[in-house]
Amino acid sequence: MVVLGSLCQLNPSPVLTTTTSSSSCSCLRSTQNGIFTRRRTILLGQSLVVTSLLELCNPILSAPSFRLAIAQQQQQDDLQQEEDRIVHLFEETSPSVVFIKDLEIDKSLKTSAEEVMLREDNNTKIEGTGSGFIWDKFGHIVTNYHVVSKLVTDTSGLHRCKVYLGDVKGNGFYREGKIVGYDPAYDLAVLKVDVAGYELKPVVLGTSRDLHVGQSCFAIGNPYGYENTLTTGVVSGLGREIPSPNGSAIRGAIQTDAAINAGNSGGPLIDSYGHVIGVNTATFTRKGTGVSSGVNFAIPIDTVVRTVPYLIVYGTPYSNRF
């Protein structure tokens, strides 16, 4: 028995945010690439020396050994290149992913909401956490509706949304997220943050209409409050139907086995080129455990692209304006 669970985490563990300048990251990548290249050269050189000596001793018997050594070295090179590619993919995409906290402020406080957000002490209750991604350079953030639903429906004025993000230089900062628009039918919402003085790196949008079962995909988010987490998998199925927060059905969802857990909600599902192909939104969990069963779902990016511009301009989806 399984149940479909929300990916919005309650009571997350503390998150430590670190910043790294883009120049140091670039230098590090160059150094690592240099190490990888030298390691491959050294290994290949050693293999050739050994096999050459064997061939001199017995040229007839050593030919298969030489070919085997070359094949093994080529396999090691292919594996190293694949690892390097995934590392680069994460480094390029993760600056566009944000960490979202849903906060409830103590109503007895006499200080401003901004001061409370700066402190985030015992007077502030963390209602849940989630993920999102940078839509444009103006500070629009796309996430799931269920991540910010308490803020949307708040009538007390005590709920706040705190967004942790970074700029193109690798500087981390946080801002209060304001609701711009939302569509419960597709479990989508758009936040706006003040990014004065910072240059953001929006995600690169892909398409979902030409996806194939079996192709690689990657999820980036903040499961259980662990910021910037990468999981890998494949597209397990297409055209799935999952329930939305308002009780209707979201059709055409992407199924994946890339690990998605509480706190991943609203984060991007990307392809091998780093293009966003979906918004992670739900997972089946084992009944009574809360543990993911490996059956996870994302809203297809084609649906997101049709919906988000209307949320930014009008605050409601196109279908609700008539």
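Author: Happy to! A salt bridge here is a side-chain nitrogen of Lys or Arg within 4 Å of a carboxyl oxygen of Asp or Glu. This is a predicted model, in which local features need pLDDT of at least 70 and side-chain atom pairs count only at pLDDT 80 or more, while totals for chains, interfaces and linings use all residues. Residues are numbered from 1 along each chain as its sequence is written, and side-chain values use heavy atoms, leaving out hydrogens and water.

Searching the whole structure turns up eight salt bridges. Let us begin with glutamate 82 and arginine 85, whose side chains meet at 2.6 Å, N to O. Both belong to helix H2 (residues 59-93), and because they are three residues apart, about one helical turn separates them. Helices (H or I, at least four residues) and strands (E, at least two) are DSSP runs, numbered from the N terminus. An α-helix has 3.6 residues a turn, so residues three or four places apart point the same way.

How open to the outside are these partners? Buried means under 20% relative accessible area, exposed over 50%, and partly exposed in between (1.4 Å probe, protein chains only). Glutamate 82 is partly exposed at 36%, and arginine 85 is partly exposed too, at 29%.

The next pair joins two loops. Glutamate 199 and lysine 137 form a salt bridge whose closest N and O atoms are 3.7 Å apart. Glutamate 199 sits in the loop between strands S8 (188-192) and S9 (204-205), and lysine 137 in the loop between strands S3 (124-134) and S4 (140-143), so the bridge ties together parts that are 62 residues apart in sequence. Glutamate 199 is partly exposed, with a relative accessible area of 45%.

Glutamate 176 and arginine 160 meet in a salt bridge at 3.6 Å, N to O. Because glutamate 176 lies in strand S6 (residues 172-176) and arginine 160 in strand S5 (residues 159-166), this pair connects parts 16 residues apart in sequence. Here both partners are buried.

Now for the surroundings. A nonpolar core is a set of buried Ala, Val, Leu, Ile, Met, Phe, Trp, Tyr and Cys residues joined through side-chain atoms within 4.5 Å. In the largest one, with 18 residues, Phe133, Trp135, Val142, Ile270, Val279, Val304 and Val308 touch the most other members. At least two residues each come from S8, strand S10 (216-221), strand S14 (275-286) and helix H5 (301-314), with H5 giving the most, four residues.

Tryptophan 135 deserves a look of its own. Leaving aside residues up to four places away in sequence, it touches His140, Val142, Pro202, Leu205, Val304, Val305, Val308 and Ile312, where contact means heavy atoms within 4.5 Å. There is also a second, separate core of 16 residues, with Ile134, Ile141, Val163 and Val193 among them.

Finally, look at helix H4 (residues 145-152). Six of its eight residues are buried, so H4 is largely enclosed by the rest of the structure. Those buried residues are Tyr145, His146, Val147, Val148, Ser149 and Leu151.
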